[in-house]
Amino acid sequence: MITLMLTDPFMQRALLAALLVGVTAPVVGTYLVQRKLSLLGDGIGHVALTGVALGWLVGAGMGLTPNDALAIPGAVVAAVVGSVLIEVVRRRGRTSGDLALAIMFYGGIAGGVLLIGIAGGSSGNLMTYLFGSISTVSDADLWLTVVLSAVVLAIGVGLRHALFSVSHDEEFAIASGLPVWALNVVVAVVSALTVTVAMRVVGLLLVSALMIVPVAIAQQVTHAFGRTMLTACVVGVVVCLTGLSITYWYNVSPGATIVVLAIAVYAVVSLLAPLLSRRRPAHDPHPDLPDDVDLPAAATERAAAAAKECR
Amino acid sequence: MTNTGRVETEQVTETSEPVIEARGLHFRAGASHILRGIDLTVEPGEVVALLGANGSGKSTLVKSLVGINVPSEGTVRLLGEPLGAGGRGGTVDWGRVGYVPQRAGAGGGIPSTAQEVVASGLLHGRRLSLPRGWRDRVAAALEQVGLADRVHDPVHLLSGGQQQRILIARALVREPDLLVLDEPVAGVDVASQEAFATTMRRLVDGGLTVLVVLHELGELEPLVTRAVVLKHGKVVHDGAPPQARHDHDRAGHRHQHPHADDNSLDPAESRAFDLEVRP
């Protein structure tokens with residue numbers, strides 16, 4: 001049965017796309033969670049919808065067939081522009097990042113629906129982009145996905161120490177003379193590319209789930225930044241491939257299946273994590289240091305007894 | 001912190017440039033005028049304590065000196081190089097500057113280990129990836145602050161004082177020539193303060209220059225060569241570190257007078273300057 005699935009050319013393309021998305025989305029998601037910008041992916045996704053419609057409009061104007069030939073390039077451009085805009089707003093500090101995101105959400109959806117109407121389509125045409133259409137991935141789409149994923153991974157992994165520094169403590173990074181503004185823009189642009197990579201697999205409305213949920217799962221079982229990223233990638237790949245395989249036999253939406261599966265894993269892991277972490281700590285968490293006050297003899301004895309208990 | 005550093009301080013002090021040079025520094029945040037014309041010079045090998053009450057502008061000044069705050073007016077030169085527009089000093093040798101913020105920031109949304117946080121101190125200027133042997137350097141820096149056994153512990157599970165020491169290790173790991181510390185021992189127990197003072201003594205003997213914001217001279221008192229006192233955004237004292245209790249008239253005091261009669265001290269006044277009273 002599995003060989004049947006693996007020999008299906010449609011499925012081969014879909015699995016490869018899912019694999020790439022499963023790796024890249026959590027890499028970028030780790031930085032977004034680290035900067036407490038978990039919803040940035042959603043904001044970019046909404047703006048990308050305007051880009052899809054804009055690409056459609058331009059394509060229609062140029063008389064291209066199929067009329068959505070420029071939809072993905074349009075999404076890439078709009079997502080990159082939108083993500084850099086968010087970073088500019090955040091830097092200026094005039095509007096809170098929260099409000100700026102909210103305005104992008106609304107503007108992105110409204111702009112998309114408005115423009116697709118002008119282009120002679122209907123909002124129904126947007127559905128495949130909103131919820132994904134992995135079964136219609138073409139060879140050209142796949143190549144674009146491969147190239148964009150390679151770029152995202154090269155930056156996300158190659159610059160991980162610098163991106164960690166900037167995301168962890170921006171003021172310290174500035175006081176270290178790091179090119180903080182450039183690194184922030186890099187994170188924003190890489191997020192935008194990831195959104196467009198994942199668009200075909202899970203759809204713009206669910207893109208962010210693939211960036212964030214694997215990270216949330218990884219956080220339950222690890223307490224280090226590097227391990228969190230690695231674990232999230234493994235979870236992302238497993239969830240994407242499993243979810244997609246399920247839809248080969250059952251006629252359900254791949255994007256929704258993948259996301260529901262991820263959230264189910266999250267629920268199970270959060271129930272099990274407390275049991276796993278109940279291992280004994282390696283050493284007494286209280287360092288044995290002299291107190292700042294002189295203790296009476298009885299207190300000193302009690303302190304010695306307490307130290308023994310912790311050992 | 002190297003032997004060459006010591007030679008430099010002992011022999012070249014007369015001719016070498018100031019490590020920090022701030023001229024006519026103003027900083028405004030909205031309507032509040034926080035720094036009102038600060039001139040501050042720190043020469044190589046000095047240990048300068050920056051004192052003053054809460055809200056006197058100490059942290060704002062320190063952040064302006066390392067490029068985090070962009071001053072409204074005035075200039076800052078760090079290691080002889082100007083901090084440019086946007087707070088970025090393209091020509092400053094950032095590998096020679098270590099900064100310890102007042103307290104651990106909220107940190108990120110993802111737990112990180114002591115090793116990961118301290119290692120981020122090895123990145124500076126255009127160095128965007130960790131050098132060879134970074135694990136050993138991180139371990140050595142953690143050793144200096146007495147947290148060598150916590151290298152793989154998540155920072156958010158450490159106590160406040162331990163987190164403070166992680167931040168000190170993060171600044172020390174790049175082996176700076178200039179250390180800028182913002183209340184490094186606030187909330188740190190006396191034993192750890194002593195250990196910190198011992199570490200600082202060793203580094204200063206090796207030629208380290210220090211600018212340290214303090215509320216009380218405390219364990220660092222023997223090291224401090226000069227004190228700068230800020231009040232209402234201006235330098236009101238720049239000279240010998242205060243050694244004894246100080247009594248100040250409420251109106252227009254400029255200097256700190258050693259005062260013989262400790263009993264007449266108004267505690268509220270002494271708190272206004274936040275200089276610790278030491279027996």
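Chain A and chain B bury about 3100 Å² between them, with 60% of it on carbon and sulfur atoms; buried area here is the accessible area (1.4 Å probe) that two parts lose on being put together, summed over both. This is a predicted model, where local features need pLDDT of at least 70, side-chain atom pairs count only at pLDDT 80 or more, and totals for chains, interfaces and linings use all residues. Residues are numbered from 1 along each chain as its sequence is written, chains are lettered from A and ligands numbered from 1 in the order in which they are written, and side-chain values use heavy atoms, leaving out hydrogens and water.

To the contact (heavy atoms within 4.5 Å), chain A brings 35 residues and chain B 39 residues. Two salt bridges cross this interface, a salt bridge being a side-chain nitrogen of Lys or Arg within 4 Å of a carboxyl oxygen of Asp or Glu. Arg170(B) and Asp169(A) form a salt bridge through their side chains, at 3.1 Å from N to O. On the side of chain A that touches chain B, H8(A) gives the most, with five residues; helices (H or I, at least four residues) and strands (E, at least two) are DSSP runs, numbered from the N terminus.

Finally, the cysteines. Cys233(A) is buried, at 13% relative accessible area, and Cys240(A) is buried too, at 0%; buried means under 20%, exposed over 50%, and partly exposed in between (1.4 Å probe, protein chains only). Over all chains, a search of the whole structure finds zero disulfides, meaning pairs of cysteine sulfur atoms within 2.5 Å.
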